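Here are my notes on this one, jotted down while going through the model. Have it open beside you as you read.

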Amino acid sequence: MEDLNPPPFAELKQGVTAKDVREAISKSGYPFQAVVADIIAASPLGVESGASIQEEWTYIDRESGQVRSIDILADLAFQHGYQDPASGLRSRLSLLVECKQSDFPYVFFLRQTPPSENNEFPDIAGLDSQQLRVFVDSAPGDGDCDSAAEAEPASPIDAAEGKKEAPSSFWINLRDALDLHEIPFFAAPAPFAISLAKTFRKGSRLEITGEETYKSLTLPLLKAADHLRLLSEPEPDHPLLFPRIIINVAVIRAPMISALLHEGEQGLLSLPWVRVSHLEPTNSPRARHLTGAVRYFDVVHESFFSRYLEILSRDAEEMALRMHQHSDEISSGTGLFKFSGERELLEPLPQGYSHFLEEPCTMHLSKTARALGFKMKEAGEGEVAPQDHESIGWIDTYDWL
């Protein structure tokens, strides 16, 4: 007769049952993490781009020095630079993912205006500087860009000195120089939230806390990104640069409720994707502003995550292509703006301008960040008036993507 007694390593004690173990595993989040990893593997990032997917990716906490882990790191190399050996860039995309599930809603506090006046998304690592010094083409002509790249700057002559005056120049952020505001994923693809919180039950009441989300989502994502930035620092005297586009995202299996004050009423609306901002403190006593950088992470519902990855794959490819097309400007930290109609075109800085780099430049140019503006009464399908306290409307998708 077959022995039905389990071996020592399969024997459950202390009244623990197989059902108890299954429930504990289900509540732990590990199965959900595996589901999210499978979604990434089946997405264009995994299938077409061959992203390397690492679960439980470890990083060093910048404050405590302790080793911690984030649920998933998906990393891939774009092929533009490898297909063109003359390019000085080898760009990568790194997607840092934290997975959370709950029966209680996450709440996002939306704003109609962007959290920062400037475009500060996405995180870019692996470059000596993300600022370019750009000169404005002052050569007369009809805007033909092909011949002017080799032309000497048509600067006026200073009669007293007999020297050419330096043409106008300014500093501009790489994101603005590449016109990332034209690419949906990097512009305002979803509403901005100034803060994020989670609800919980206390007795018969539902209460809300921002501390848990700060510790379990904001800090792990941003600290993992900081560690990845350290790993991506340029090597001195290396002939190539390896810029890394870093995207932080929390994938949620829980209700996502957004709150927006509208005409004095607190409106509630469910959204599948929200971009959350986090304001970093400034640590410089000489800072011109009292606040530091604004950093971002996306929060996406599990049901929308496949679509999110499609948009990310498409638009990150476009960003990497633009970086490749302007590898000379990014590698040198300089460029020339030419104008064709109302559009400025970024080109490599001609040799004739090199001696002007010795002149100081204090002007900074930035393009104004925009937010996704909408009104609660124009929510579309599933809309409810803000004063309807008994129900919550929803938006299923973002058609402009």
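**Notes on the model**

1. Let's start with a loop: Pro-114 sits between S4 and S5 (strands here are DSSP E runs of at least two residues, helices H or I runs of at least four, both numbered from the N terminus). Pro-114 is partly exposed, at 26% relative accessible area (buried is under 20%, exposed over 50%, partly exposed in between, with a 1.4 Å probe and protein chains only). Beyond neighbours within four places in sequence, Pro-114 is in contact with Phe-192, Ala-369, Arg-370 and Ala-371 (contact being heavy atoms within 4.5 Å).

2. A word on the ground rules. This is a predicted model, with local features needing pLDDT of at least 70 and side-chain atom pairs pLDDT 80 or more, while totals for chains, interfaces and linings use all residues. Numbering runs from 1 along each chain as its sequence is written, and side-chain values use heavy atoms, leaving out hydrogens and water.

3. Strand S13 (residues 256-262) has six of its seven residues buried, so the rest of the structure largely encloses it. On one pairing, S4 (residues 106-111) runs parallel to S13 through four bridges (strands pair if DSSP finds at least two bridges between them), with Tyr-106 partnering Met-256. On another, S14 (residues 265-270) runs antiparallel to S13 through six bridges, and Ala-259 stands opposite Leu-268. S13 and S14 make a hairpin with two residues between them, where Glu-263 has a positive phi of about 55°.

4. Which strand gives the most to the lining of the largest pocket? S16 does, with six residues. The pocket holds about 1300 Å³ (an open set of 1 Å grid points with protein on both sides within 12 Å along at least five of seven lines, over the protein atoms alone; lining residues have an atom within 4 Å of a point). Of its 44 lining residues, Asn-118, Glu-120, Gln-131, Asn-173 and Ala-293 are closest to the centre.

Note on methods: 1 Å grid on protein atoms, 1.4 Å probe; cavity = no way out; pocket = protein on both sides within 12 Å on 5 of 7 lines; lining within 4 Å. Points joined across faces, edges and corners; volume = space filled by probe spheres on them.
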